[in-house]
Amino acid sequence: MCREKPLRMNEFALPTAKTKLVAVIGDPVRHSLSPVMFNSAFRALGMDWLYVALPVKLGSSRAAIDGIRALNIVGLSVTTPHKETVAAAVDQLSPVAMKLGAVNCVRRSGEVLIGENTDGKGFVESVRSGLGLEPGRSKVVVVGAGGAARAVILALAEAGATIAVVNRTKDKAEKIVDQMAMKNVSTSGFESISDADLVVQATSLGMGNDDPLPFDPNLIGKGQTLVDLIYHPERTPIVAAAAEHGAQTANGVGMLLHQAGEQFRIWTGEKPPLQVMAAAVGLSFGQNTDE
Ligand code: NAP
C-alpha cells in the first residue's frame, strides 16, 4: 500500500480559518504583480495574511465595496478603472485621496472603510531614498497630466518643490494647476525641461514600440535627473536618450514598490520589506530601500 507523504509546509503556507484577507480590484487585473509582491512580504514577516486579485468590471465598484464590507476583507488595493468610483463609494477619504478624487488603497477601521492614495507618497519616497534628491528643494517639470501625474504633482508640491506641468493637451495641465491652487505649481512649455533639476515622465508614451518620444532629449543632460513612471519596458527610449545625454535616470519601479510598501504599512502597521517585494517580482531595486 502506498502511504501519502505528509505535506511539509511553513506555518502560514496555506490559508487557515484565521487568515486575514486583502485584495486588489481592477479590470484587467490578472496581469497584476501585486499578489506575488504582497504575499511574499507576508510570508517573509511570518504573517497569516493572504492577498488575491479580483477582476471587477467597470460599473461594479460600489457592489465590490459592499462585498469587501460584507466579507470582512481587511484591506484593498484599487486599480484602473475604479480609482475614482471607489473614492465615491467608501465612507471616508484621507486628505490626499480627497484632493485627488482617486483611491488606490482602502483600509478598514472597524466598520468604516477609508480611501487612501499612496501613489504620490510612493513617488516622493522613491526619489528621496533611491536617487538621493530632496524633492522639496528641487525645480521639477512633470510631463503629463493624467492620474499618475496628478498624484505626483500633489505630493511634490506638498513637499515644497517648484513644479511646472507640461502636457500635450494644455487644458488638462491648466485644470490641474487651477484645482491644486498652490503657488509652487504652474503650467509651462517643454523648453522649461532644460532648466529643471528633476524631470518626471508621466505620460503613457514609451510603453508601445512605435511611440514617439514624450519630449526632445536634447533638452535634458548632465546635472539633471529623469524619472520615467513607466517600468515596463524597464528602459524606455526617453530613459535611454536622457542617459546618453548625461542625465541621471530611473524608471517607475521605485514608485511602484514604495506605493505598495505604503499600502502594506497602512494595513498591517509593519515596516514593508521592500527588497523582498522587489525580488519576488524580479525587479531590480538596489538602493537604500530597507533603511
Ligand atoms: P492617463 O491618466 O491615461 O494619462 C496619460 C497621459 O499621457 C496624459 O498626460 C496624456 O496626454 C499623455 N499621452 C498619452 N498619449 C500621448 C501622446 N500620443 N502624445 C503625448 N502625450 C500623450 O495615464 P496615467 O494613469 O496617468 O499613467 C501614465 C503612465 O504612468 C502610464 O505609463 C503608467 O504605466 C504609469 N504609472 C506608473 C506607476 C508606477 O507605480 N510606477 C503608477 C501609475 C502610473 P493628454 O492629456 O494630452 O491626453
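A cavity is a set of points, on a 1 Å grid over the protein atoms alone, where a 1.4 Å probe fits but cannot get out, and its lining residues have an atom within 4 Å of a point. This is a predicted model, in which local features need pLDDT of at least 70 and side-chain atom pairs count only at pLDDT 80 or more, while totals for chains, interfaces and linings use all residues. Residues are numbered from 1 along each chain as its sequence is written, and side-chain values use heavy atoms, leaving out hydrogens and water.

**View 1. The largest cavity and its lining.** Searching the whole structure turns up one cavity of 30 Å³ or more. Around the largest cavity sit L205, G206, D211, P212, L213, P214, T236, P237 and I238.

**View 2. Two domains.** Here you can follow the chain through domain 1 (20-117 + 254-280) and domain 2 (120-251), with bounds from an automatic or database domain assignment. Their centres, taken over C-alpha atoms, are 25 Å apart.

**View 3. Where the domains meet.** Ten residues of domain 1 touch 15 residues of domain 2; contact means heavy atoms within 4.5 Å. The two domains bury about 1,100 Å² between them, 65% of it on carbon and sulfur atoms. L100, M255 and H258 supply 51% of the area that domain 1 buries against domain 2. Buried area is the accessible area (1.4 Å probe) that two parts lose on being put together, summed over both.

**View 4. A salt bridge up close.** Look for E262 and K121, whose closest N and O atoms are 3.4 Å apart in a salt bridge. The term covers a side-chain nitrogen of Lys or Arg within 4 Å of a carboxyl oxygen of Asp or Glu. Between domain 1 and domain 2, the count is two salt bridges.

Technical notes. On a 1 Å grid over the protein atoms alone, a cavity is a set of points where a 1.4 Å probe fits but cannot get out, and a pocket is an open set with protein on both sides within 12 Å along at least five of seven lines; lining residues have an atom within 4 Å of a point. Grid points are joined across faces, edges and corners, and a volume is the space filled by probe spheres set on the points.
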